[in-house]
Amino acid sequence: MLPRILIVDDESSICISLSLALEPEYEVIWETDPIRALERLQTEPIDLVLLDMVMPKLNGFGVLSVMNQNHWIDSVPVIMISAESDSVYVERAYQLGVTDYIGRPFDKAVIRQRVINTLMLYAKQKHLMRMVT
């Protein structure tokens, strides 16, 4: 079974571009509505989230806050991809639990490698947790 990646970005063109960068090695699903994305996180198995910062209804910080409240951030890594490069935004994202932060415009090869690294890190962490228990 392929790792499942949820892309959350209000611009469908970004979702399509990221999907093309990651398929066919990953099962990619995407949502332009962050509320629907949170519903999917609650009901579907997701291995990684690629999250935009600036979105209507609920921004990336809001999504991260809900993920923290529900403890989803503990088991689902999040890579934030945003044009916001101000250190205040980046720091806040890391405080809310993102694993990585990638600025836009992004390079597809960098996206692929950071996804690989993040999924590998979380797989090792899960393995260690199983050994401990």
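Colleague: What is the relative accessibility of W30?

Modeller: First, a word on the model. It is predicted, so local features are described only at pLDDT of at least 70 and side-chain atom pairs only at pLDDT 80 or more, while totals for chains, interfaces and linings use all residues. Residues are numbered from 1 along each chain as its sequence is written, and side-chain values use heavy atoms, with hydrogens and water left out.

Now the general idea. Buried means under 20% relative accessible area, exposed means over 50%, and partly exposed is in between, with a 1.4 Å probe and protein chains only. The areas come from the Shrake-Rupley method with a 1.4 Å probe, and for residues only the protein chains shown count as cover. W30 has 32% relative accessibility, so W30 counts as partly exposed.

Colleague: In which strand is W30 found?

Modeller: Helices (H or I, at least four residues) and strands (E, at least two) are DSSP runs, numbered from the N terminus. W30 is in strand β2, residues 27-31.

Colleague: Which residues make the nonpolar surface patch?

Modeller: Patches are built from residues with over 30% relative accessible area and no salt bridge; like charges are joined within 9 Å, and nonpolar side chains (Val, Leu, Ile, Met, Phe, Trp, Tyr) within 5 Å. Here I16, L20 and W30 make a nonpolar patch of about 290 Å².

Colleague: Next, a helix. Which residues of α2 are buried?

Modeller: The general idea is about spacing. An α-helix has 3.6 residues a turn, so residues three or four places apart point the same way. In α2, residues 34-43, the buried residues are P34, A37, L38 and L41. They line one face of the helix, because they fall within an arc of 100 degrees when seen down the axis of α2. That arc is taken from the directions from the helix axis to the C-beta atoms.

Colleague: What do the buried residues of α2 pack against?

Modeller: Contact means heavy atoms within 4.5 Å. The buried residues of α2 pack against β1 (4-8), β2, β3 (48-51) and α3 (60-69). The face turned away from this buried side carries the exposed residues Q42 and T43. T43 is exposed, with a relative accessible area of 60%.

Colleague: Which backbone oxygen does the side chain of T43 reach?

Modeller: A polar contact is a pair of N or O atoms within 3.5 Å; within protein, one must be able to donate a hydrogen and the other to accept it, and residues adjacent in sequence count only if both atoms are side-chain atoms. The side chain of T43 reaches the backbone oxygen of E39 at 3.0 Å. At the start of α2, a side-chain oxygen of D33 comes to within 2.9 Å of the backbone nitrogen of I35.

Colleague: How many salt bridges are there?

Modeller: Side chains of opposite charge can pair when their charged atoms come close. The rule for a salt bridge is a side-chain nitrogen of Lys or Arg within 4 Å of a carboxyl oxygen of Asp or Glu. By this rule the count is 11. One of them joins the side chains of D9 and R104, at 2.7 Å from N to O. This pair links distant parts of the chain: D9 is in the loop between β1 and α1, and R104 is in the loop between β5 (100-103) and α5 (108-132), 95 residues apart.

Colleague: Is D9 buried or exposed?

Modeller: D9 is buried, because its relative accessibility is 3%. Leaving aside residues up to four places away in sequence, D9 touches I14, C15, E31, T32, D52, M55 and R104.

Colleague: With which residue does R104 form a salt bridge at 2.8 Å?

Modeller: R104 forms that salt bridge with D52. This pair also links distant parts of the chain, with D52 in the loop between β3 and α3, 52 residues from R104. D52 counts as buried at 5% relative accessibility.

Colleague: Which residues are linked in a network of salt bridges?

Modeller: The network links R4, E27, E31, D33, R36, R40, E44 and K57. Between E44 and R40, the closest N and O atoms are 3.1 Å apart.

Colleague: Last, the backbone. Which residue has phi near 70 degrees?

Modeller: K57 does, and this is a positive value in a residue other than glycine. K57 lies in the loop between β3 and α3. H71, also not a glycine, has a positive phi of about 65 degrees.

Colleague: Is the peptide bond from R104 to P105 cis or trans?

Modeller: The bond is cis, with omega near 0 degrees. The bond from E23 to P24 is cis too, with omega near 5 degrees.
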